[in-house]
Amino acid sequence: MLAGVGKRIITPSAGVDLAGFGRLDRKNIGVHDDLYVNALALQQDEKRTLIICADIIGFGFDLTQKIKKDINCKYGFNEDEILLSASHTHSGPQTLENMLVTLGKWNEDYIGHFLSCVMSSVESALKSMEEVDIYLGKTQCNIGINRRLIKDGKANFQPNEEGAADKSVTVLKLMKGDTTKAVLFSYACHPSTIGDDFVSADYPGVAKKVVEYDLGKGAVALFMQECCGNIRVRTIKGNDFRGGTWKDVREFGIELGAAVSKLCSGENGEMKKLDKNDLKISTAIMHMQLPTRGKPQKEGLEKVKNSGNIHEQLWAERMLNDYANLNDTVPFTIQRIALNNDFSIIAMSGEVCVEYGLYLKNMDAGKTIISAAYSNGVSGYIPTEEMFEQGGYEPDGSTIYYLYPSQLDNSVEKIVKDALNKIVSK
């Protein structure tokens with residue numbers, strides 16, 4: 001298989017809004033660590049694919065369409081051959097068009113710069129294509145914990161050690177002779193460690209630096225965020241979560257990065273070399289609309305606009321202004337990229353809760369699946385049916401921030417799982 005990699009800095013300038021926390025005044029006052037966009041190009045025979053990973057909160061749906069169209073026009077890749085994956089850092093610029101303004105304003109100048117960097121990274125990846133050997137392995141990391149503690153049948157935003165979580169780390173290593181060309185690794189945990197006013201890639205940025213330093217010789221690390229809608233880092237004090245620190249960011253990143261590096265170097269298990277004769281890139285993509293509970297009544301919106309908190313007021317005002325054009329569904333995309341019969345990436349365009357990632361991985365114990373969320377757009381949170389009964393931030397509180405007209409319908413779990421079954425079997 002041929003592979004090439006490109007890497008560009010995408011750090012925003014001072015004054016650009018930072019996305020991820022509900023603060024109108026959260027602007028970049030400095031850079032704690034740089035943000036990057038990395039592109040990995042793969043080709044087997046005549047079939048190609050591009051995996052683009054960025055230290056941003058997410059690729060907006062319009063932004064995704066723009067990037068894929070530009071790449072298609074310049075390089076000929078089809079939509080299903082291009083995967084855009086965001087780390088979901090909460091200390092980067094706003095790159096989602098469908099978020100409430102209290103989570104950061106869209107900056108046109110920055111978006112133009114970002115688009116240029118994406119295309120430049122793709123160009124570098126395509127120019128550096130060469131024959132590689134590919135190794136696949138798994139390890140574990142324990143920096144994430146379920147953030148939904150159920151008491152009396154209701155969800156509380158507290159650490160839940162017994163709750164569902166995915167500790168697995170999937171690692172793809174690309175070797176040119178004895179030199180590591182690139183490492184793609186994935187994990188499921190919110191990069192929302194800290195809410196400061198400084199730019200940061202959070203723990204995934206530290207983890208990538210650790211991997212690149214340990215493997216050396218120009219190796220490029222790419223991180224894919226898995227299904228972590230209800231998973232956050234272990235900043236715990238007593239029975240509650242505490243505010244994170246830069247020390248936490250560093251330590252969590254080192255823990256994850258070290259796990260990847262040790263696997264790549266053979267210190268923590270062996271990686272399996274993929275048989276060149278079995279390699280065959282295949283791609284597929286599905287677009288769908290997920291149902292909500294319908295358009296709210298204008299009278300109710302007027303009441304929220306006049307009596308709600310600042311977030312609710314702004315949401316209600318937006319709903320009223322756009323009322324004639326409101327949809328009772330939200331977009332959702334699922335994409336598959338497979339390198340052979342035993343390894344694939346299944347990417348979804350939402351803040352998908354961890355249960356969906358575990359569902360994918362338990363389909364066939366003999367196969368390895370990266371269940372990537374925050375890819376090709378971010379619809380909002382994708383809860384399970386049980387979560388709708390329990391309430392909490394994911395099914396209820398989050399909806400205004402993603403400009404939903406109302407909560408998702410509780411049929412969403414069946415719809416999404418049916419689609420996952422279909423695309424996995426393609």
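A residue is called buried here if it has under 20% relative accessible area, exposed if it has over 50%, and partly exposed in between, using a 1.4 Å probe and protein chains only. By that rule Lys208 counts as buried, because its relative accessibility is 7%.

Before I go on, a word on the model. It is a predicted one, in which local features need pLDDT of at least 70 and side-chain atom pairs count only at pLDDT 80 or more, while totals for chains, interfaces and linings use all residues. Residues are numbered from 1 along each chain as its sequence is written, and side-chain values use heavy atoms, with hydrogens and water left out.

Back to the lysine. Lys208 is placed in helix H3, residues 202-215, where helices (H or I, at least four residues) and strands (E, at least two) are DSSP runs numbered from the N terminus. What is Lys208 in contact with, once its neighbours within four places in sequence are left aside? Taking contact as heavy atoms within 4.5 Å, the partners are Tyr36, Asn38, Asp55, Phe185, Ala221, Leu222 and Phe223.

Now to the rings themselves. The structure holds eight aromatic pairs, and rings of Phe, Tyr and Trp (its six-membered ring) pair if their centres lie within 6.5 Å, with planes under 30 degrees apart counted as stacked, over 60 as edge-to-face and the rest as tilted. One of the pairs is Phe59 with Phe114, tilted, at 5.9 Å centre to centre and with 45° between the planes. This pair links distant parts of the chain, for Phe59 is in the loop between strand S5 (47-54) and helix H1 (61-75), whereas Phe114 is in helix H2 (residues 108-127), 55 residues apart. Both Phe59 and Phe114 are buried.

Why is the pair of Tyr381 and Tyr402 edge-to-face? The ring planes of Tyr381 and Tyr402 stand at 80°, with the centres 6.4 Å apart, so the pair falls in that class. Tyr381 is in strand S25 (residues 381-382) and Tyr402 in the loop between helix H9 (393-397) and helix H10 (412-424), 21 residues apart. Tyr381 counts as buried because its relative accessibility is 4%, and Tyr402 counts as buried because its value is 4%. Together with Tyr393 and Tyr401, they form one aromatic cluster.

Next, one of the sheets. An open sheet of three strands runs in the order S11-S10-S16 with antiparallel pairing, and two strands pair if DSSP finds at least two bridges between them. Strand S11 (154-160) and strand S16 (231-233) are the edge strands, each pairing on one side only. Strand S10 (residues 144-151) pairs with S16 over three bridges, and Gly144 stands opposite Val233 in S16.

Finally, the chain as a whole. It has ten helices and 25 strands, and buried residues make up 59% of its 426 residues. Of the contacts in the chain with a separation of 6 or more, 80% are between residues 24 or more positions apart. The C-alpha atoms fill a box of roughly 65 × 50 × 45 Å along the principal axes.
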